[in-house]
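Let us walk through a protein model step by step. Keep the sequence and the 3D view open as you read.

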Amino acid sequence: MKKKQALWAALFILGLALVALGILNGGARDVLAKAIRICSECIGLG
Amino acid sequence: MTRRLIQLYSALLYNAHLKGFAEGQIYTGPLKSLCVPGLNCYSCPGAVAACPLGALQNAVAASADRPAFYVVGLLLLFSLLLGRVICGFLCPFGLLQELLHKIPTKKLQKSPLTRKLSRLKYAVLLIFVLAIPAWYAFRRLPLPGFCKFICPAGTLEGAVLLLLHPANGALRAMAGGLFWWKCAMMLLILTASVFVFRCFCRFVCPLGALYGLMAKLALLGVKLDEGRCIGCGTCLRRCPMDIRRVGDSECVHCGSCIEVCPVQAISFRAGRIVLRGPETPEKEAQS
């Protein structure tokens, strides 16, 4: 059980770190840039 | 009942830009840099945040320039905190399928075949969400394979709701073979949902496949007390999904097994906190 909790905590910290790194490297900006335009693939236009 | 309300509220919350439905335009505010946990197309006129699956495909497609840290990190956090509780409580497309399944017709019950078919979604995840966008990333050509060829949520929420609006005649004029292919996929999936419980979630949805990978670690969800379980199988028979055991990668944590367990071995928990079902043996002993 403790092993599982330690793994969970390690992955959670990794997740937070990835999100922080993603914000710094422009990943969040990319998501915004894509999401504020109509996605032609999603609606079957291209 | 509580679950249905949470499903409805989350669908409303994901699509709270009601003005968009009236104007036929999508929301373009800063909230769209965030992803909602469930499948909800960002081209839906009401969507206030991004679709995690669409964002993942685009991040993979852009990975030649920039590692996909942000979306992978968000998906990892969603998986660890909520897991497939997202499918059962926080996915508008899951809600739609459940409502369609309430139409009184003869239903296809789960079987060894549906159990085998439930592995198909992992192939969809690998091929359409990861491999196709990655392959085209090296050619500098973003291609979100799942959004483009399969996603029924995109067709329903994005295409239908946007293109039906009178203000979007120019978009309607662009509809070609791909559009009709996607409409056919959507109709097939929605029709199948009437007869097969959550057929898209069980056999196709790559987001559910992704969250299912972390099923054992997810903080929130239905948990089985191994010490109490007598192995009668009542929970497995009651469950409409293709589970092998309570809380596994196929479980969407709807909680329908909680009431039927004859020895109260199943509860809905957030870590050690029991949210629904019997208390832990330790607590009962203390009381």
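A crossing of two helices is called left-handed if the near helix is turned anticlockwise from the far one by less than a right angle, and right-handed if it is turned clockwise. Helices (H or I, at least four residues) and strands (E, at least two) are DSSP runs, numbered from the N terminus.

This is a predicted model, in which local features need pLDDT of at least 70, side-chain atom pairs count only at pLDDT 80 or more, and totals for chains, interfaces and linings use all residues. Residues are numbered from 1 along each chain as its sequence is written, chains are lettered from A and ligands numbered from 1 in the order in which they are written, and side-chain values use heavy atoms, with hydrogens and water left out.

Start with confidence. The pLDDT is the predictor's confidence in each residue, from 0 to 100. For chain B its mean is 93, and 97% of the residues reach 70 or more. Residues 281–287 of chain B fall below 50, and this stretch has 5 contacts in the model beyond near neighbours in sequence. A contact means heavy atoms within 4.5 Å. Where pLDDT is low, the predicted coordinates should not be read in detail.

Now find helix H6 (residues 92–101) and helix H12 (residues 177–195) of chain B. Their axes come within 6 Å and cross at roughly 50°. Axes are lines fitted to C-alpha atoms, for helices over the stretch in contact, and angles run from 0 to 180 degrees between N-to-C directions. The crossing of H6(B) and H12(B) is right-handed. H6(B) brings Phe93(B), Leu96(B), Gln97(B), Leu100(B) and His101(B) to the contact, while H12(B) brings Ile189(B), Leu190(B), Ser193(B), Val194(B) and Phe195(B).

Look at Gln97(B), which sits in H6 of chain B. Is Gln97(B) buried or exposed? Gln97(B) is buried, with a relative accessible area of 0%. Buried means under 20% relative accessible area, exposed over 50%, and partly exposed in between (1.4 Å probe, protein chains only). Leaving aside neighbours within four places in sequence, Gln97(B) touches Ser193(B), Arg198(B), Cys199(B), Phe200(B) and Cys201(B).

Move to helix H10 (residues 152–163) of chain B. Here 9 of the 12 residues are buried. Among them are Pro152(B), Glu157(B) and Leu163(B). Their cover includes H6, H11 (169–173), H12 and H13 (199–203) of chain B.

Finish at Pro206(B), in helix H14 (residues 206–212) of chain B. Pro206(B) is buried too, with a relative accessible area of 0%.
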